[in-house]
Amino acid sequence: MNWVLDNLDLIGRLSLEHLRLSITPILAGLLIAIPLGWLAHRYRLARGALLTSAGLLYTIPSLALFVIIPPILGISYLSELNVTIALTLFVIAIMARSVADALDSVDGNVRQSAVAVGYGALRRFFTVDLPLAGPVILSGLRVAAASTVSLVTVGILIGVESLGYLFTNGYQRRIVEEIFSGVVMVMLVALLIDLALVALGRLAMPWARRPGRAAR
Amino acid sequence: MNLFLDALAWIVAPERFEGSSSLFVRLGEHLYFTAFSVLIATVIAVPIGYLIGHTGRGRELAVGLSGAARALPSFGLILLLVLVMGVTNKPAAAFTAFVVLAIPSILAGAYAGFEAIERRTINAARAVGMTEWQILWRVEVPLGLPLLIGGIRSAALQVVATATLAAYIGLGGLGYYIFRGLPLGRYDEMLGASILVAVLAIVIDAALALCQRLFVPRGVAAGRTPSLRTAPARRRAMVETSTAP
Amino acid sequence: MIEFTSVSKRFGDGPLVIEDFSLVIPAHKTTVLVGSSGCGKTTLLRMINRMVDPSSGTVEIDGTSVLERDPVALRRSIGYVLQSGGLLPHLRVVDNVATVPRLNGVSRADARARALELLDTVGLDRSLASRYPAQLSGGQQQRVGVARALASDPNILLMDEPFGAVDPIVRAELQQETIRLQRELDKTVVFVTHDIDEAFLLADQVVILEKGGRIVQKGSPSEIIENPANDFVASFIGVDRGARALTIKQTPHGRVLVDDAGRTQGVLVEESAPARRSEGSLP
């Protein structure tokens, strides 16, 4: 515990840094995944191509991704931008499928009735399809967010500081408390983001609130 | 693109195929870590997952656990276990970490596979007079198999990725080259190894995806012919969402 | 004969879903339990094959309490037809029908041979035997469900809203098939439905239930239509309206029956032929 008490400043600073590094790819990934998911939902051909590449992207281990992306984009591999782009791609890989599935799951009757009462295509997408797909998208986003928070730590291997610093530094200096506090803080940051997402979901989608646990 | 050519040159260079750190040795290590830890995790997780799926008890706990596990930083977990279990027990510590990381997906696959079966089907099996044991083996296990394999698939991906990081503690595997090239700035080596890691992950994933498709009971596949192409993706998505925290 | 005596049931700490229910179900007849959802009719049906055990009271088959029987053996000796067939999706039609004989240790070849005969019995072409359930229409699945229930040649056949999920035309067809099968096979049939017309069509004995499994009225269809026990029954069976509230209208060509909306429903003939089935012959 001594180490933790002596280094509260460091832990706090790294946690904030970690939070910042996590939020950017989560938001950017979601925003990009919505149109991609819509394409996959709407066009059969796009679905095959998009979901296959998303699947491949999702499969590639993060460390390998950190090394493969920079030469393709012509950026330095020792940069925060690299981590942000790689993790954004990772979030897109999960969310494109999740958005497509979510849009698929919208009740066809509801969609037909929206058409019937005279919604235009764009208006219908933003006021009917997307909100109704919201709960499924949200559950996908929670999965993506938790994984992203955990993957940010790998960035320390290419010099991007986050709570991952506590892992490598703690390992080199053989301080168990340091690594342990890093693990705990990563999970706390993930929990914080998850709670924020759930709260946002409840605010934005009041109709999806369940009175209790739905019976199976 | 030059860097990629360099990387390819690095992969096919003669010295990759000889000596104690040849590609074969490193690839063998990587496969061994993955296969062995996924196997152990399966042996542990499947009975528990089946118990949860069959009885419906302990489900909340399992869901919470797999949700929390998703946020568990695998890199930190390995380093932590090495320090806790002692630097001399590195392989044991790494294997423990791999197994811990693999269990939640497999557990989720096992019970989600049971839960995805329609209640009516189970009721019918009970109504015609199957014992609980027969319901388990003749109905739940075959019908739940695709989702279980989906869980094993996620677990294998997780371990392949984590095994790459394990080279940081000197465990070998394909990550070895990445960590050898990193401090020296040898990009051809890092990139070549990264490409190999990516290909390995994709091949393992594809092989398990094929298994998953083969093990869909034929009658179940028959009912889904129109959407056959999108079906496996959905099933995988289901495992993912059902393990959400 | 199946006999319920003072049966009550509550699930967990919940309210009583069945309260002091007693009923005699005669052998070789069709008894239909009918009521709105939540009246406990399916729970009652499931007590017969111990899918549900009563909290108090007894259920006896031919004088032996079902609680003395091993549930698995009991279920294998009773046919059970569920809504939408309840078939096992990963088994072929022939193996679905052969499930119970196979569980009872009959060899695969014998069980399959018997299953093929049963497909004939329920009016399915043998070429469907190697299909999977998902490749059949709803009506065909339902027939397979009936064939499976008959596979061990049970004396008792339980049918739990079996035709609830098929369209009206197929439903009418399956109802006629059920009547034919019952005539040929002479089983003790207990049938659950919320459709009063279906009940009147199939039943020798109709039991109308309300919440808590309380029997509002029981009797042959004729007895109930002729003399509804109270306003609830009258309104439930619709004798005050629609096609069951008929008036006689004199026309130049003879007397016809007219419903409450003024539509002609039938012709009144003197000394009509004997009733379509032996209704009203209950003990």
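How many residues does the contact take from chain A and from chain B? The contact takes 40 residues from chain A and 40 residues from chain B. This is a predicted model, in which local features need pLDDT of at least 70, side-chain atom pairs count only at pLDDT 80 or more, and totals for chains, interfaces and linings use all residues. Residues are numbered from 1 along each chain as its sequence is written, and chains are lettered from A and ligands numbered from 1 in the order in which they are written.

**View 1. The side of chain A that touches chain B.** Two residues are in contact if their C-beta atoms, placed from the backbone, lie within 7 Å. Helices α3 (44–59), α4, α5, α7, α8 and α9 of chain A are the elements that give two or more residues to this side; helices (H or I, at least four residues) and strands (E, at least two) are DSSP runs, numbered from the N terminus. Nine residues, the largest share, come from α9(A). By class, this side of chain A has 22 nonpolar, 12 polar and six charged residues. Here Ala, Val, Leu, Ile, Met, Phe, Trp, Tyr, Cys and Pro count as nonpolar, Asp, Glu, Lys and Arg as charged, and the others, Gly among them, as polar. Of the two pairs of chains that touch, chains A and B have the most contacts between them, while no contact joins chain A and chain C, whose closest C-alpha atoms lie 15 Å apart.

**View 2. The contact between chains B and C.** Chain B gives 21 residues and chain C gives 23 residues. On the side of chain B, at least two residues each are supplied by α6 (119–127), α7 (132–165) and α10 (218–222).

**View 3. The packing of α4(A) and α5(A).** Helix α4 (residues 62–73) and helix α5 (residues 80–104) of chain A pack at an angle of about 110°, with their axes 9 Å apart. Axes are lines fitted to C-alpha atoms, for helices over the stretch in contact, and angles run from 0 to 180 degrees between N-to-C directions. The two helices are therefore roughly perpendicular to each other, a term for angles of 65 to 115 degrees. Residues of α4(A) in the contact include A:L65, A:F66 and A:I69, and those of α5(A) include A:V83, A:I85 and A:F90. By class, this contact has nine nonpolar, two polar and no charged residues.

**View 4. Residue A:Y58 in helix α3 of chain A.** A:Y58 is buried, with 23 other C-beta atoms within 10 Å; a residue is buried if 20 or more other C-beta atoms lie within 10 Å of its own. Leaving aside its neighbours within four places in sequence, A:Y58 is in contact with A:F90, A:A93 and A:I94.

**View 5. Helix α8 (residues 164–172) of chain A.** Buried residues of this helix include A:G164, A:Y165 and A:L166. What covers the buried residues of α8(A) includes α2 (8–42), α7 (121–152) and α9 (176–204) of chain A, together with α4 (74–85) of chain B. A:R174, whose phi is positive, near 55°, follows α8(A).

Note on methods: Angles under 35 degrees count as roughly parallel, over 145 as roughly antiparallel, 65 to 115 as roughly perpendicular and the rest as oblique. A residue is buried if 20 or more other C-beta atoms lie within 10 Å of its own, exposed if 12 or fewer, and partly exposed in between; C-beta atoms are placed from the backbone.
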